[in-house]
Amino acid sequence: CKKKMQIIWVRYFANIKDGDGLTRDATWNLFAANFGQSKVYKIDRNAVVNTYVSNQPGSAGMVFDDQGILFLANYNSAQIVRIDPNGNVLNVFASGVANPISLDFNSQGILYTNNNYNNALTSINQNGVKNVLHTSSFNNSSLTIDDNDNIYVSDYNSGVIKKIDAQSQSESTFTNLPIVTGGVGFIIYSQGYFFASAIRDNVIYMIDENG
């Protein structure tokens with residue numbers, strides 16, 4: 001269920017107010033979450049912007065599954081919802097998820113999200129059953145999962161990115177970015193590389209698998 005991202009360069013010209021989470025579908029339409037206005041925009045390859053879905057309280061991280069269904073984390077309502085390709089909400093996939101931000105699937109189709117409220121991670125199986133996995137006590141901002149199902153969690157207040165081993169569940173520091181002000185925003189993994197935003201330094205880092 002884990003999607004592989006082909007790295008290509010596509011330039012979009014679009015002004016998205018309060019953009020937060022960002023993802024793309026199989027045909028490279030972009031989707032940008034608007035946290036403040038509780039909606040998601042769809043941006044096609046001609047830079048045409050349309051509202052994809054509205055009334056999603058605190059829209060944050062997003063990820064598509066292999067069937068083209070969008071999973072959206074709603075931070076303010078503590079829910080993760082499923083949305084079809086036409087922008088219709090299918091159902092609430094999981095509720096009572098404390099302040100979810102970022103979403104990613106592992107190779108077994110298990111969905112993971114980081115919980116900003118209690119500095120934890122939550123795994124959610126295909127039936128929507130939750131399992132809370134606590135991490136170190138820092139203000140986690142995002143997560144991503146590599147091809148071996150290792151989980152990486154970033155710190156909103158520093159340049160630290162932690163790695164949680166898929167087999168042992170042991171936690172270690174993967175890297176500590178030389179961020180001057182603030183910390184890491186979103187992180188993503190694709191084809192052996194990690195990309196991390198230093199939101200107050202206005203920098204994006206590219207990191208290899210050795211950190």
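In the predicted model, Tyr152 and Phe194 are both buried. The relative accessible area of Phe194 is 3%, which places this residue in the buried class, under the 20% limit. The rings of Tyr152 and Phe194 form a tilted aromatic pair, with 4.5 Å from centre to centre and 55 degrees between the planes. Because Tyr152 belongs to strand β14 (residues 151-155) and Phe194 to strand β18 (residues 193-198), the pair ties together parts that lie 42 residues apart in sequence.

Phe194 also pairs with Tyr189; the ring centres are 4.9 Å apart and the planes meet at 55 degrees, so this pair is tilted. Tyr189 has a relative accessible area of 8% and is therefore buried. Tyr152, Phe174, Tyr189 and Phe194 make up one aromatic cluster. Over the whole structure, the search returns 9 aromatic pairs.

The protein chain contains 19 strands and 0 helices. Its radius of gyration is 16 Å, close to the 17 Å given by the globule rule for 211 residues, so the chain is as compact as a globular protein of that length. Along the principal axes, the C-alpha atoms occupy a box of roughly 40 × 35 × 30 Å. Of the 211 residues, 50% are buried. Among contacts with a separation of 6 or more, 36% join residues 24 or more positions apart.

Charged side chains comprise 14 positive and 17 negative ones, and the centres of the two sets are 6 Å apart.

Terms used
Residues numbered from 1 in each chain as written. Predicted model: local features only at pLDDT ≥ 70, side-chain atom pairs only at ≥ 80, totals over all residues. Heavy atoms only, no water. Helix = DSSP H or I, 4+ residues; strand = E, 2+ residues; numbered from the N terminus. Rg over C-alpha atoms; globule rule 2.2 N^0.38 Å. Buried < 20%, exposed > 50% of the residue type's maximum accessible area, 1.4 Å probe, protein only. Contact = heavy atoms within 4.5 Å. Lys, Arg positive; Asp, Glu negative; His and termini not counted. Charge placed at Lys NZ, Arg CZ, Asp CG, Glu CD. Phe/Tyr/Trp six-rings, centres within 6.5 Å; stacked < 30°, edge-to-face > 60°.
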